[in-house]
Amino acid sequence: MDVLPSMGLDLKLGLRMLIKYPVLTLVSGLAITIATALGIGFSEFIHDLVAADVPLDEGDRIVRLFHDDSEGGGSAPPSLYDLEVWRESITSLEDLGAHATLEQGIVSDRGEVGTVNLARISASAFRLTRVPPQIGRFLLDADEVPGGPAVVGLGYEAWQRIFGADPDVVGRTVRLGGEPATVVGVMPEGYA
């Protein structure tokens with residue numbers, strides 16, 4: 001079916017209706033305009049509600065990248081390989097960080113035991129947040145070297161609950177999921 005003749009007929013019918021019923025045509029056009037404006041306003045409201053800026057210094061400049069899984073529906077978490085490829089190929093971004101959250105058991109070198117909500121996070125993610133640790137340091141690029149010593153930065157709540165807010169926690173060894181790691185820092189309260 002050829003589209004142009006069909007459009008010509010639609011245009012001709014529209015003009016005929018405009019001439020025959022001008023008030024109805026104007027009311028219809030106004031209704032469509034109002035409905036469109038309401039739809040756009042609602043869409044912006046939902047966008048602002050769901051995709052608000054990250055509550056950090058220059059949080060409006062932080063974006064989230066993910067894979068769109070068209071076959072399975074939804075999104076798929078990127079792999080470490082994806083992160084390396086993106087770091088090399090996306091030149092319009094200042095830096096790229098990654099994180100994955102999970103819950104895991106933690107045991108300190110003194111026997112303190114607990115469960116923590118853990119974020120496996122890249123060193124660059126700490127740079128992006130621009131929040132300094134309360135004690136010690138955050139992760140560095142050198143901490144990500146394959147085969148290097150495992151390190152951990154504690155969240156404020158875990159430091160309080162499991163380690164009793166021990167100010168000498170930096171340098172201690174903990175076991176996360178059975179694997180040893182050295183504490184290098186504690187992040188401030190509310191950092192998540």
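Which residues touch the most other members of the largest nonpolar core?

**View 1. Overall fold of the predicted model.** This structure is a predicted model. The protein contains 5 helices and 8 strands, arranged from the N terminus on in the order α-α-β-β-α-β-β-α-β-β-α-β-β. Its radius of gyration is 27 Å, well over the 16 Å given by the globule rule for 192 residues, so the protein is more spread out than a compact globule. The C-alpha trace spans about 90 × 35 × 30 Å along its principal axes.

**View 2. The largest nonpolar core.** This core comprises 17 residues, of which Ile106, Leu154, Trp159, Phe163, Val169, Val174 and Leu176 touch the most other members. At least two residues each are supplied by β4 (113-121), β6 (151-154), α5 (156-163), β7 (173-176) and β8 (179-186). The greatest contribution comes from α5, with 5 residues.

**View 3. Surroundings of Leu154.** Leaving aside residues up to four places away in sequence, Leu154 touches Ile106, Trp159, Phe163, Val169, Val183, Gly185, Val186 and Met187.

**View 4. Surface and charge.** Buried residues account for 21% of the 192 residues. The protein exposes about 13,700 Å², and carbon and sulfur atoms supply 61% of this area. There are 14 positive and 27 negative side chains, and the centres of the two sets lie 4 Å apart.

Technical notes:
Residues numbered from 1 in each chain as written. Predicted model: local features only at pLDDT ≥ 70, side-chain atom pairs only at ≥ 80, totals over all residues. Heavy atoms only, no water. Helix = DSSP H or I, 4+ residues; strand = E, 2+ residues; numbered from the N terminus. Rg over C-alpha atoms; globule rule 2.2 N^0.38 Å. Buried < 20%, exposed > 50% of the residue type's maximum accessible area, 1.4 Å probe, protein only. Areas by Shrake-Rupley, 256 points an atom, 1.4 Å probe, with all protein chains shown as cover. Lys, Arg positive; Asp, Glu negative; His and termini not counted. Charge placed at Lys NZ, Arg CZ, Asp CG, Glu CD. Core = buried A, V, L, I, M, F, W, Y, C linked by side-chain atoms within 4.5 Å. Contact = heavy atoms within 4.5 Å.
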